[in-house]
Amino acid sequence: MEDSARLLTFAKARWRADADALGVEDAYKWLFHAARGGEHAVTDASGPRAWLDREWETLGKPRPGERLIDPLRPDGAIVRLNLRPYRAAGGGKDALLAAFVASAREFRADPAAFAAAWRALGAALPPYLARAEWERLDREASGGGYPAVHHSPAYQRARRPAYRVLTGARADRLREELARKGTGRG
């Protein structure tokens, strides 16, 4: 994986657009996914299917400015595929589930890269992230071996995040399928 400084520079540039709602949990979650992918969410196929089924029914329309794909790393090897624009473009739930499960299995998680990027963030927090909150989350997470965390309540209210973490290659295949559907070629 890219070094933590490059990942952090990339992430901080992307976070500026969400600075009004971004909390330390959201920064943690971004770095966690960028280094570890979605493997934590896939222990078997039934859990992700039930999760997607519940979420799919409550999505609503895409939010203003919501992109189909948000890269989480400068190399695009891991991305968030946003569910609302995907569904609105005609994307299929089963294809998405298959891409998510395959991505979780294919992506090589790098816990050490996450820890390095997280520590680098702590050493150079942007002004919209509070030192006390970073320290609190670091204490809590380090005691549990740095597990996955949920988005902050402020971010959940403001952005209503609904996505799946995919490899860039799997996301590109889904995007290509949407393009074929849009042109009537398949």
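Analyst: Begin with the term: a residue counts as buried when its relative accessible area is under 20%. The model shown here is predicted. In it, five of the five residues of strand β3, residues 163–167, are buried, so the strand is largely enclosed by the rest of the structure.

User: Which way do the residues of β3 point?

Analyst: They point two ways: Y163, V165 and T167 to one side, R164 and L166 to the other. The residues on both sides are buried.

User: Which strand is joined to β3, and how do the two run?

Analyst: Two strands count as paired if at least two bridges are found between them. Here strand β2, residues 78–82, is joined to β3 by five bridges, and the two run antiparallel. Within this pair, I78 stands opposite T167 of β3.

User: How many helices and strands does the chain have?

Analyst: There are nine helices and three strands. Along the sequence their order is α-α-α-β-β-α-α-α-α-α-β-α. The radius of gyration is 16 Å, close to the 16 Å that the globule rule gives for 186 residues, so the chain is as compact as a globular protein of that length.

User: What share of the whole chain counts as buried?

Analyst: The share is 46% of the 186 residues. The accessible surface comes to about 9200 Å², and carbon and sulfur atoms account for 52% of that area.

Definitions and conventions
Residues are numbered from 1 along each chain as its sequence is written. This is a predicted model: local features need pLDDT of at least 70, side-chain atom pairs count only at pLDDT 80 or more; totals for chains, interfaces and linings use all residues. Side-chain values use heavy atoms; hydrogens and water are left out. Helices (H or I, at least four residues) and strands (E, at least two) are DSSP runs, numbered from the N terminus. The radius of gyration is taken over C-alpha atoms; the globule rule is 2.2 Å times the number of residues to the power 0.38. Buried means under 20% relative accessible area, exposed over 50%, partly exposed in between (1.4 Å probe, protein chains only). Accessible areas come from the Shrake-Rupley method with a 1.4 Å probe; for residues, only the protein chains shown count as cover.
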